[in-house]
Amino acid sequence: MPNVLIRDLPADVHAVLTRRAETAGQSLQQFLVTALERMARTPTPDELFDRLDAGAIRRRGRIGFASAVSALDEGRADRDRR
């Protein structure tokens, strides 16, 4: 299995990650492997757009542009009234 070495990690970042690992009941290594696996599984916006362009994601929406704009305007108006 490949290894990764991170140099010059700020002490405050190391402390936060160590604390989070302890809270999760994991070693720092286990915690970071889990976080990196999750990061690798989550597509970036560019990857999502590429998949859309390639047709790998089916488009199921049936809302028109005017309806979408109207729904956004209503949502914003509701938010602004709060």
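Trainee: Hi! Which residue forms a salt bridge with Asp78, and how far apart are the closest N and O atoms?
Mentor: Asp78 pairs with Arg81, and their closest N and O atoms are 3.2 Å apart. A salt bridge here is a side-chain nitrogen of Lys or Arg within 4 Å of a carboxyl oxygen of Asp or Glu.

Trainee: And what are we looking at, before I go on?
Mentor: This is a predicted model, where local features need pLDDT of at least 70 and side-chain atom pairs count only at pLDDT 80 or more, while totals for chains, interfaces and linings use all residues. Residues are numbered from 1 along each chain as its sequence is written, and side-chain values use heavy atoms, with hydrogens and water left out.

Trainee: Good. Where do Asp78 and Arg81 lie?
Mentor: Both are in helix α4, residues 65-81, three residues apart, or about one turn of the helix. Helices are DSSP runs of H or I with at least four residues, strands are E runs of at least two, and the numbering starts at the N terminus.

Trainee: Is Arg81 buried or exposed?
Mentor: Arg81 counts as exposed because its relative accessible area is 65%. Asp78 has 37% relative accessibility, so Asp78 is partly exposed. The cut-offs are under 20% relative accessible area for buried, over 50% for exposed and partly exposed in between, with a 1.4 Å probe and protein chains only.

Trainee: How many salt bridges does the structure hold?
Mentor: Two. Arg79 and Asp80 also meet in one, at 3.6 Å from N to O. Both Arg79 and Asp80 are exposed.

Trainee: Switching topic: which residues form the negative surface patch?
Mentor: Asp46, Glu47, Asp50 and Asp53. Patches take residues with over 30% relative accessible area and no salt bridge, joining like charges within 9 Å and nonpolar side chains (Val, Leu, Ile, Met, Phe, Trp, Tyr) within 5 Å. Asp46 sits in helix α3, residues 45-53, and is exposed because its relative accessible area is 56%.

Trainee: Which residues make the nonpolar surface patch?
Mentor: Val4, Ile6, Leu9 and Val13, over about 370 Å². Accessible areas come from the Shrake-Rupley method with a 1.4 Å probe, and for residues only the protein chains shown count as cover. Val13 belongs to helix α1, residues 11-23, and is partly exposed because its relative accessibility is 33%.

Trainee: What about the phi of Asp8?
Mentor: Phi of Asp8 is near 60 degrees, a positive value in a residue other than glycine. Most residues other than glycine have a negative phi. Asp8 is in the segment before α1, and is exposed because its relative accessible area is 77%.

Trainee: Zooming out, how many helices and strands does the protein chain have?
Mentor: Four helices and zero strands. The order from the N terminus is α-α-α-α.

Trainee: What radius of gyration does the protein chain have?
Mentor: The protein chain has 21 Å, whereas a compact globule of 82 residues would be near 12 Å. That radius is taken over C-alpha atoms, and the globule rule is 2.2 Å times the number of residues to the power 0.38. The C-alpha trace spans about 50 × 40 × 25 Å along its principal axes.

Trainee: How much of the chain is buried?
Mentor: Buried residues make up 2% of the 82 residues. The accessible surface is about 7,800 Å², and 55% of that belongs to carbon and sulfur atoms.

Terms used. Lys and Arg count as positive and Asp and Glu as negative; His and the chain ends are not counted. The place of a charge is taken as NZ of Lys, CZ of Arg, CG of Asp or CD of Glu.
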